[in-house]
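Here's a walk through a few packing features of this fold. Have the structure open and follow along.

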Amino acid sequence: MEYISTRGSAPALDFAGATLAGLASDGGLYLPREWPRFTEAEIAAMAGLPYAELAARIMLPFVEGSLTHERLLELTRAAYGRFSHRAVTPLKQLDEQNWLLELFHGPTLAFKDVALQLLGLLFEEFLGRSEQNLTIVGATSGDTGSAAIDAVAGRAKIDIFMLHPKGRVSDVQRRQMTTVLAPNVHNVAIEGTFDDAQAMVKRMFNDPGMTGRFNIGAVNSINWARLMAQVVYYFAAGLQLGAPHRPVAFSVPTGNFGDVFAGYVAAKMGLPIARLIVATNVNDILHRALSTGDYSAGEVTPTAAPSMDIQVSSNFERLLFDVGGRDGKALAAQMGTFEASKAMQLTNAQREGAAQLFSSARADANDMSRAIRWGWEEAGELLDPHTAIGLHAARTSGIAREIPVVTLATAHPAKFRDAVERATGQRPPLPSRVGDLFEREERCAELPCDYGAIADYVAAHAVPRAG
Ligand SMILES: *Cc1c(COP(=O)(O)O)cnc(C)c1O
């Protein structure tokens, strides 16, 4: 499979190249040149496969040319062998219509493990074939950082620099990053918001002074391989609820638009998806964009669901490209407008294309607390704040009763136990797999939100490009 940039001028790459590059050199994001599509019979034949086998089957068309089916299956078995639940992403029924897809059984308790455990192995695989080292630079609102660090800690030929907004991630999230003392892990707390941190990372990808000296790679969901791995659990849930013969809707707690875009890819590949509900908190740029066509960033408001405290959703660009006729030049101009003014209008084609599959909803702090309480009192489940926002959107969506609605449970409730305790009076215990997190030593640099300071720090600690 060949990968092309959403902005039309970066060179096309194969899967290994797109995985190691992350962001395209023209500032765009990589997407496969075309969507592979399974027939109904092929989808029906996937029912009942163990997760790792399903994953290899779904992903094979995307990795062709870079990995054999055999090798891919070895990697998915290794990645998903580290999950604490046999089903990897178990599905639970909440009431007649609503289901919960639990994506938090990986090592760091959030859905990002599903993709990053595999991505760590893919990096190692592709670097092993070259002379290159990889310098991963990422920004996190909490969960990406811990999941990425767990996935690459101690791996050969990789350094990871993870920027988080100081004081804006939960204690559990911070400790899951800062207590990993492997020498290739570099945590940086910056004075600023997640969007500030992400802007620093984007700038570094476009800074020839850095990209010329270091082989810089991404673990944020701008990396195509992450989205690819997330497509699998949409199929896993759909198959359990009757696909390909019965449509299913999904409600997705959304920040950077990566997870819900994977649902869009699943639909493109033939999974019958009735609707994808984009659930946001009060940082609702995506809700506004999808409901009115106005994509304009406001100030970030910190909430109890920090992984969704985002005003600029990188992966939305992928959707705009695909539903807008895949015109890289036009999209580059549109994104240029947005980058200059923090505002743009969707075209009619983009709005209509998105509306065919997506709807959206916004939940404030009260909606979230009520959904956590409903989950506990009516279904006996403790929900984390992100998941609760998804459930609120699912329960207010008005989707026909015969269509099951699956809310993606993106984090374990123990990861955000203060908010869960406030809503329910129950304090979810930390699962034993995270161990003695609160006794371990922490290590973290603190830097101002200043590009020069951050670039100097990375340059001082990374391994330069070979040759
Ligand atoms: C990252 C994250 C999200 C948002 O996912 P995107 O792919 O960025 O839209 C939602 N919930 C949790 C718990 C997360 O960690």
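## Two helices at an angle

Start with helix α3 (residues 51–63) and helix α10 (residues 224–240), which pack at an angle of about 130° with their axes 9 Å apart. That makes α3 oblique to α10, since angles under 35 degrees count as roughly parallel, over 145 as roughly antiparallel, 65 to 115 as roughly perpendicular and the rest as oblique. The axes are lines fitted to C-alpha atoms, for helices over the stretch in contact, and the angles run from 0 to 180 degrees between N-to-C directions. The crossing of α3 and α10 is right-handed (the near helix is turned clockwise from the far one by less than a right angle).

Who makes the contact (heavy atoms within 4.5 Å)? On the α3 side you'll find Tyr51, Leu54, Ala55, Ile58, Met59, Phe62 and Val63. From α10 come residues including Trp224, Met228, Val232, Phe235 and Leu239. By class, the contact of α3 with α10 has 16 nonpolar, no polar and no charged residues. Here Ala, Val, Leu, Ile, Met, Phe, Trp, Tyr, Cys and Pro count as nonpolar, Asp, Glu, Lys and Arg as charged, and the others, Gly among them, as polar.

## What you're looking at

A quick note on the model: it's predicted, so local features need pLDDT of at least 70 and side-chain atom pairs count only at pLDDT 80 or more, while totals for chains, interfaces and linings use all residues. Residues are numbered from 1 along each chain as its sequence is written, and side-chain values use heavy atoms, with hydrogens and water left out. Helices (H or I, at least four residues) and strands (E, at least two) are DSSP runs, numbered from the N terminus.

Now compare helix α16 (residues 365–379) and helix α17 (residues 385–395), whose axes come within 8 Å and cross at roughly 90°. That makes α16 roughly perpendicular to α17. Asp367, Met368, Ala371, Ile372 and Trp374 of α16 meet Pro385, Ala388, Ile389, Leu391, His392 and Arg395 of α17. This contact of α16 with α17 divides into eight nonpolar, one polar and two charged residues.

## A strand covered on both faces

Strand β4 (residues 98–102) is largely enclosed by the rest of the structure, because five of its five residues are buried (under 20% relative accessible area, with exposed over 50% and partly exposed in between, using a 1.4 Å probe and protein chains only). Asn98, Leu100 and Glu102 sit on one side of β4 and Trp99 and Leu101 on the other.

As for partners, strand β3 (residues 91–93) and β4 pair in the antiparallel sense over three bridges (strands pair if DSSP finds at least two bridges between them). A hairpin joins β3 to β4 through four residues, and Gln93 has Trp99 as its bridge partner in β4.

Five strands form an open sheet in the order β8-β5-β6-β7-β15, and the pairing is parallel. β8 (216–217) and β15 (445–447) stand at the edges, each with a single partner strand, so one side of each is left without a neighbour in the sheet. β6 and β7 pair over six bridges, with Ile190 of β7 as the bridge partner of Pro165.

Helix α7 (residues 171–178) is largely enclosed by the rest of the structure, because six of its eight residues are buried. Its buried residues are Val172, Gln173, Arg175, Gln176, Met177 and Thr178, and their cover includes α6 (143–152), β6 (158–165), β7 (185–190) and α18 (417–424).

Notes
Contact means heavy atoms within 4.5 Å.
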